[in-house]
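Here's a quick briefing to read alongside the model. Have a look at the structure first, then work through the notes below.

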Amino acid sequence: MRNTLALLAVLLVLTSAVAFIVGYLVFPHSRTTIFDAAGISDLGKGVIVRFEVSSTPGEGKTLVNVANARYKEDAEHSFLQARAAAEKALGSSLETTDLTLDVNSEQSSVAGESAGAAFAIAIMANQLGRKVRNDAVISAALGEDGFTLEPIGGADEKILSAIESGKTLFVVSATQELRYEKDLSKKITIARAQNIRQAFQLMVV
Amino acid sequence: MRRTLFCVLIVCVIVAFLIGYEAKKNVEIVIVNQTIAASASPSAVPSAAVNKEVFAQVLLKLPAVDREGNGTLADLTVEASSGSGKIFIGFSKGSPLLNTDTQDSIQTALRIARKITSEALDDKDLFYTITAESDVVGGKSAGAAVTVGTMAVVLGEKLKSSAVITGTIEEDGTIGQVGRIFEKAKAVKSAGFTTFLVPQGEAVERVPFETCREQRTATQVIRECVQQFREVDVAKETGLNIVEVANVYDAYALMVEK
């Protein structure tokens, strides 16, 4: 009887130790999504800029890497807004997730709100473990409600730069006006999305 | 009996799993808290570093002037973790967005820190967070403080909790003038600090004031105001130890704990 109890105690300790190690190892690590966004250069030309969004278990911090680029306040605000929009669309809080934003292109300055939708989609894809299409670009601002997509400036130039970069899909807001839509759509598929959920369906694999 | 034992075993396994999961999550928090407790900061703030081993943290007070023109103090946290040469600025609803002037100051601070340590700092990530009343933190007046904070974090040294600094930072380490020293000094004094490091030539400040005269007529009152200036010896007026510093190397020597 005593031997059986001792055996049971050893078994209990061993299985608990294994469970502890498994628990320690399965703690989620950081996830990164790389995606392209369209911008306008100082010379007024459209450019494709590569970004990287990473999420790590943490305390709900929002950070941008300024080692290679300067972020104007509207771009910082846009990333904060994207975080809130992603939370809303996912229906879950990111209180325990730290988010970082990095520019992977040689871009000296990140400005404007036109990457808002792209940021939100990258955050959502990261959370869901999905991949953003590398042949697609979205350029749209997030509305005040954090859900609707708003039009942006320089859309035609941005679409042209996407064509030059070999992209096959360009997503804009439903209300976006395009001067050369007919000509541009011969070379790339231009899709319109009313809100972030529709855009997510188009942009994610 | 057998069923009871089995249930105990299952419960133990689940509890052990959860403890293991939480233990991993808390490893970084413990490290961060230990660093905060060991830092020379007058008060502790949450870490900005992203779930990495923070090996140094410094908290500095940034003297500023609010929209009403009154002196105020913001909190600057500088942290270093193992990494790959990234420089993160943190912001949230509680901490303001940092404008490009402040981002430039951070870059200058890093170049100076690299020069001092002869290190590329490629194996470290640095994190800067400012907590203030305003939505956006602008201007270059935080440059000297950002540089002192960066130097302390990179060199792994502690800063005195009694001193505060204001001034811009230039490439060669010179500290440039910022203005509104008297207002900032009042905020520094009321927060309990004893020493205020200011740029050269700013220990005495020309402070504007208005003198107004009223003329009453039968139907109205005419008020005429003239702006004048008076010279204020900031040390005398506030009781603070005001020290003029020419460059960030002198400033650091005065602020570091020996």
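Leaving aside its neighbours within four places in sequence, which residues is A:Ser16 in contact with? The partners are B:Cys12, B:Val13 and B:Ala16, where contact means heavy atoms within 4.5 Å. Keep in mind that this is a predicted model, with local features needing pLDDT of at least 70 and side-chain atom pairs counting only at pLDDT 80 or more, while totals for chains, interfaces and linings use all residues. Residues are numbered from 1 along each chain as its sequence is written, chains are lettered from A and ligands numbered from 1 in the order in which they are written, and side-chain values use heavy atoms, with hydrogens and water left out.

**Chain A overall**

- Chain A carries six helices and 11 strands; these are DSSP runs, with helices being H or I of at least four residues and strands E of at least two, numbered from the N terminus.
- Chain A is more spread out than a compact globule, because its radius of gyration is 22 Å, well over the 17 Å that the globule rule gives for 205 residues. That radius is taken over C-alpha atoms, and the rule is 2.2 Å times the number of residues to the power 0.38.
- The C-alpha trace of chain A spans about 85 × 35 × 30 Å along its principal axes.
- Some 48% of the 205 residues of chain A count as buried (under 20% relative accessible area, with exposed over 50% and partly exposed in between, using a 1.4 Å probe and protein chains only).
- Among contacts in chain A with a separation of 6 or more, 68% come from residues 24 or more positions apart.
- Chain A has an accessible surface of about 9,900 Å², and 55% of that belongs to carbon and sulfur atoms. The areas come from the Shrake-Rupley method with a 1.4 Å probe, and for residues only the protein chains shown count as cover.
- On the charge side, chain A has 20 positive and 23 negative side chains, with the centres of the two sets 8 Å apart. Lys and Arg count as positive and Asp and Glu as negative, leaving out His and the chain ends; each charge is placed at NZ of Lys, CZ of Arg, CG of Asp or CD of Glu.

**Chain B overall**

- Chain B comes to six helices and 13 strands.
- Of its 258 residues, 45% count as buried in chain B.
- Residues 24 or more positions apart supply 70% of the chain B contacts with a separation of 6 or more.

**A:Ser16, back to the opening question**

- A:Ser16 sits in helix H1 (residues 2-25) of chain A.
- A:Ser16 counts as buried, at 16% relative accessibility.

**The A:Thr33 and A:Asn126 pair**

- A:Thr33 belongs to strand E1 (residues 31-40), whereas A:Asn126 belongs to helix H3 (residues 116-128).
- Both are buried: A:Thr33 has a relative accessible area of 4%, and A:Asn126 is at 2%.
- Their side chains are joined by a polar contact of 3.0 Å (a pair of N or O atoms within 3.5 Å; within protein, one must be able to donate a hydrogen and the other to accept it, and residues adjacent in sequence count only if both atoms are side-chain atoms).
- The A:Asn126 side chain also makes a polar contact with the side chain of A:Ser55, at 3.3 Å.
- A polar atom of the A:Asn126 side chain lies 3.5 Å from the backbone nitrogen of A:Thr32.
- Not counting residues up to four places away in sequence, A:Thr33 touches several residues, including A:Phe51, A:Ala122 and A:Val132.

**A:Leu169**

- A:Leu169 is in strand E10 (residues 169-173) of chain A and is buried, with a relative accessible area of 5%.
- A:Leu169 and A:Val137 are 32 residues apart along the chain, with their C-alpha atoms separated by 6.4 Å.
- Not counting residues up to four places away in sequence, A:Leu169 touches a set of residues, among them A:Val137, A:Ile188 and A:Leu202.

**Two spots in chain B**

- B:Arg180 has a positive phi of about 55° although it is not a glycine. Most residues other than glycine have a negative phi.
- B:Arg180 is in the loop between strand E9 (175-176) and helix H4 (181-190), and counts as partly exposed at 43% relative accessibility.
- B:Val221 lies in strand E12 (residues 221-233) and is partly exposed at 45% relative accessibility.
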